[in-house]
Amino acid sequence: MTRVQLSADAQPEHVLAKVRQTFESRDYLWEQSGPLSAVASEGGKPVTNTLISQRLRVAVRIDAEAHRLVLTQETLGAAYTANGGPVIFVWLSMRFRRMVKAVREDLAAAGLH
């Protein structure tokens, strides 16, 4: 889980729109799950089984009271970790960190971070 501090005057709707734009520009499927939350699935298709998928799924939530964005890696690749070592888990973690970096950069460029 990663928390990104937002500027005090950032509107949650603008932040969510910018995060959505960041994910969609990198071929992630965006599924709104609430007014201030969503799930982004790598590869343009929904990730249904987060335990065994090799594609990244990220939960996105805005904590409006604390002025922060919370990104959570939901995919673990656990079945592959047990059979073939931690390679899939490491790849998923690297891709998650790469997306966190992209989100931070895009929010900073938009003046929301």
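Reader: How do you know that E1 and E5 pair, and in which sense do they do so?

Author: Two strands pair if DSSP finds at least two bridges between them, and E1 and strand E5 (residues 68–73) have four bridges, in the antiparallel sense, so by the definition they are paired. The names come from DSSP runs numbered from the N terminus, where a helix (H or I) has at least four residues and a strand (E) at least two. Two of the facing positions are Arg3 opposite Val70 in E5 and Val4 opposite Leu69 in E5.

Reader: What kind of model are these values computed from, and how are residues numbered?

Author: This is a predicted model, in which local features need pLDDT of at least 70 and side-chain atom pairs count only at pLDDT 80 or more, while totals for chains, interfaces and linings use all residues. Residues are numbered from 1 along each chain as its sequence is written, and side-chain values use heavy atoms, with hydrogens and water left out.

Reader: In what order do the five strands form the sheet, and what makes E1 and E2 its edges?

Author: The order is E1-E5-E4-E3-E2, with antiparallel pairing, and the sheet is open. Strand E1 (2–5) and strand E2 (28–34) each have a single partner strand, so one side of each has no neighbour in the sheet, and this places both at the edges. From one strand to the next the twist averages 20°.

Reader: Which strands are joined by hairpins?

Author: E4 and E5 form a hairpin with four residues between them, and His67 in that turn has a positive phi of about 55°; these two strands pair antiparallel over six bridges, and Asp63 stands opposite Arg68 in E5. Another hairpin joins E2 to E3 through two residues, where six bridges connect the antiparallel strands and Leu29 has Ser41 in E3 as its bridge partner.

Reader: Which helices lie on the sheet, and at what angles?

Author: Helix H1 (residues 12–24) lies across E2, strand E3 (37–42), strand E4 (57–63) and E5, running at about 155° to E2. Helix H3 (residues 87–109) packs on the sheet and touches E1, E2, E3, E4 and E5, at about 160° to the direction of E5. Contact here means heavy atoms within 4.5 Å, and the angles, from 0 to 180 degrees, are taken between N-to-C directions of lines fitted to C-alpha atoms, for helices over the stretch in contact.

Reader: Why are H1 and H3 called oblique to each other?

Author: Their axes come within 10 Å and cross at roughly 130°. Angles under 35 degrees count as roughly parallel, over 145 as roughly antiparallel, 65 to 115 as roughly perpendicular and the rest as oblique, and therefore H1 and H3 are oblique. The contact is made by Val15, Lys18, Val19, Thr22 and Phe23 of H1 together with Met99, Ala102, Val103, Asp106 and Leu107 of H3.

Reader: What makes the meeting of Glu24 and Arg20 a salt bridge?

Author: The term requires a side-chain nitrogen of Lys or Arg within 4 Å of a carboxyl oxygen of Asp or Glu; for Glu24 and Arg20 the distance, N to O, is 2.9 Å, so the pair meets the rule. Both residues lie in helix H1, four residues apart, about one turn of the helix. By this rule the count comes to four salt bridges.
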